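Here is a short report on a cavity, a ligand site and a helix residue. Look over the sequence and the model first.

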Amino acid sequence: MSAAPHIPVLLAEVIDALAPAPGERHVDATFGAGGYSRALLERGAEVVAFDRDPDAIGGGQPLVAEAEGRLILIEAPFSAMESELDARDLAPVDGVVMDIGVSSMQLDQAERGFSFQGDGPLDMRMSQSGESAADFLNGADEGEIADVLYHYGEEPRSRRVARAIVEARPLATTAQLAAVVRKALGHKPHDKKDPATRTFQAIRIHVNRELGELADGLVAAERVLRPGGRLAVVTFHSLEDRLVKRFFRERSGSMPAGSRHLPPAAARAEPSFEDVGRAVRAGEAEVAANPRARSATLRVARRTSAAPWVSGEA
Ligand SMILES: C[S@@+](CC[C@H](N)C(=O)[O-])C[C@H]1O[C@@H](n2cnc3c(N)ncnc32)[C@H](O)[C@@H]1O
């Protein structure tokens with residue numbers, strides 16, 4: 001693999017939060033380059049790790065061998081965590097960690113199409129299967145593209161960008177897409193942020209159903225954690241963090257009464273999480289060593305003995 005290895009973000013804080021002990025079983029929902037899994041194994045825990053990217057699963061095989069039976073690596077979306085664990089009789093578990101988003105390996109390999117730094121095919125699929133970014137952009141109608149850019153990229157001029165994309169179709173490469181967005185929005189070489197950033201984020205989130213996966217993954221974690229089990233979630237932008245924050249507030253009963261997010265029946269359910277800590281951000285030293293850590297937010301909560309809330313409440 002030519003890409004630089006992924007540096008785990010907030011590693012010490014995540015491991016502190018999970019407090020793994022020998023004999024415990026933890027889920028690493030987003031294996032990536034295995035940074036968290038390795039640290040959990042070093043603490044004597046068993047690890048069941050998920051990744052939907054076949055490259056991550058392939059890259060993890062040496063660690064599976066090294067772990068001598070204490071690491072199980074599963075190629076599946078983490079939304080399927082409950083059924084995958086049940087099928088192997090591995091639930092309940094003592095901890096779940098989710099490190100949301102793309103890995104450095106995915107970003108740095110131009111042929112995966114996640115980045116406009118180098119030129120590659122408009123792909124962006126973590127699982128390397130299903131609808132690609134090119135399929136979506138060349139097939140969807142203008143309104144649908146605009147909605148994706150607006151909701152997932154928070155692109156204020158989503159309609160203008162969507163129109164430019166439709167006029168430029170068919171699009172095949174990341175460089176083509178970046179050029180279309182820059183032309184539509186105006187781009188000065190010294191702009192701090194490339195105007196294509198928001199469009200790329202939006203399309204990536206859409207193609208990988210990232211927010212749906214996150215919501216489903218949180219519900220699955222609630223169902224597989226034993227009472228006292230810990231859930232740690234690292235996110236990289238406000239759309240994801242808002243979702244995690246809201247989930248923890250609801251499930252711990254600290255959502256203000258009458259919240260528009262909660263149906264009345266759900267508001268009466270017993271809290272399924274407690275000890276929801278404040279958001280943790282990377283310190284200066286970590287950000288200096290790993291710029292990716294700048295936008296990371298960690299949230300942690302502990303599972304209570306209450307029944308999981310019925311699905312549809314996330
Ligand atoms: C930020 S990286 C994780 C890095 C990892 N913590 C490490 O230390 O190397 C995210 C990884 O999660 C995977 N991923 C993202 N969303 C996923 C999902 N819904 N289900 C399974 N894997 C997912 C990606 O393919 C990627 O490899």
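## The cavity

The largest cavity has a volume of about 450 Å³. The count of cavities of 30 Å³ or more comes to one. The model is a predicted one.

The lining of the largest cavity is made up of 34 residues. Nearest its centre lie Thr30, Gly32, Asp51, Asp99 and Gly101. By class, the lining holds 16 nonpolar, eight polar and ten charged residues.

Several elements each supply at least two lining residues. The helices among them are α2 (35-42), α3 (54-59), α6 (104-108) and α12 (210-224).

## The ligand

Around the ligand there are 24 residues. The closest are Ala33, Asp51, Asp99, Gln106 and Glu213. Asp51 and Asp99 are also named among the residues nearest the centre of the largest cavity.

Gln106 places a polar side-chain atom 2.8 Å from an oxygen atom of the ligand. A polar backbone atom of Gly34 is 3.2 Å from a ligand oxygen atom. Glu213 has a side-chain N or O atom 2.8 Å from a nitrogen atom of the ligand.

## Ser158

Ser158 belongs to helix α9, which spans residues 158-168. Is Ser158 buried or exposed? Ser158 is buried, because its relative accessible area is 7%, and the cut-off for buried is under 20%.

Beyond its neighbours within four places in sequence, Ser158 is in contact with Ala146, Leu149 and Tyr150.

Definitions and conventions. Residues numbered from 1 in each chain as written. Predicted model: local features only at pLDDT ≥ 70, side-chain atom pairs only at ≥ 80, totals over all residues. Heavy atoms only, no water. Helix = DSSP H or I, 4+ residues; strand = E, 2+ residues; numbered from the N terminus. Buried < 20%, exposed > 50% of the residue type's maximum accessible area, 1.4 Å probe, protein only. Contact = heavy atoms within 4.5 Å. 1 Å grid on protein atoms, 1.4 Å probe; cavity = no way out; pocket = protein on both sides within 12 Å on 5 of 7 lines; lining within 4 Å. Points joined across faces, edges and corners; volume = space filled by probe spheres on them. Nonpolar A, V, L, I, M, F, W, Y, C, P; charged D, E, K, R; others polar. Near = heavy atom within 4 Å. Polar contact = N/O pair within 3.5 Å; in protein donor to acceptor, adjacent residues only side chain to side chain.
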